[in-house]
Amino acid sequence: EGQGSASGANGDLYVQIRIRQHPIFSRDGDNLYCEMPVSIAMATLGGEIEIPTLSGRAQLKIPAESQSERVFRLRGKGVRNVRSGVVGDLYCKIKIETPVNLNRKQKDALREFDELLKAGGERHSPRESSWSDRLKSFFTSS
């Protein structure tokens, strides 16, 4: 108090801080959150992706048959708390990207793959299957 004037009577100093949004991470306390695009092949077959962290890059193992919106936790890759020194975690949500701008050969291969899934007689789409079951029970219980 009383330090805000360069000349004349001393006043109060007001400081306005604007925090710019990070292009990759959002923050909640000491934890960071990000979304990473993953190809449909990577999500289905599994593999590793490289993700950014505040301290560089890290490898994230994507298990086979991972679904979109799955969240992975990377311990100790968040923000260090200035008071306690404890480091938060990084939560990475995968977003499965649907291919775009496919050529004719790619579209034909995708159609063939879809037919092979249907011909197998097994359920290969867990969300679609559970949604279909709920829809059927909704109409039969009415």
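In what order do the four strands of the open sheet stand, and what pairing do they show? In this predicted model, local features need pLDDT of at least 70 and side-chain atom pairs count only at pLDDT 80 or more, whereas totals for chains, interfaces and linings use all residues. Residues are numbered from 1 along each chain as its sequence is written, and side-chain values use heavy atoms, with hydrogens and water left out.

The protein contains three helices and six strands, these being DSSP runs of H or I with at least four residues and of E with at least two, numbered from the N terminus. The open sheet has the order β1-β2-β6-β5 with mixed pairing, where two strands pair if DSSP finds at least two bridges between them. Because β1 and β5 (71-74) stand at the edges with a single partner strand each, one side of each is left without a neighbour in the sheet. β5 and β6 (residues 90-97) run antiparallel and are joined by four bridges, and Phe72 has Cys92 in β6 as its bridge partner.

Buried residues make up 18% of the 142 residues in the protein, buried meaning under 20% relative accessible area, exposed over 50% and partly exposed in between (1.4 Å probe, protein chains only). Val15, which lies in the segment before β1 (26-28), counts as exposed because its relative accessibility is 65%. Among contacts (heavy atoms within 4.5 Å) between residues at least 6 apart in sequence, 40% join residues at least 24 apart.
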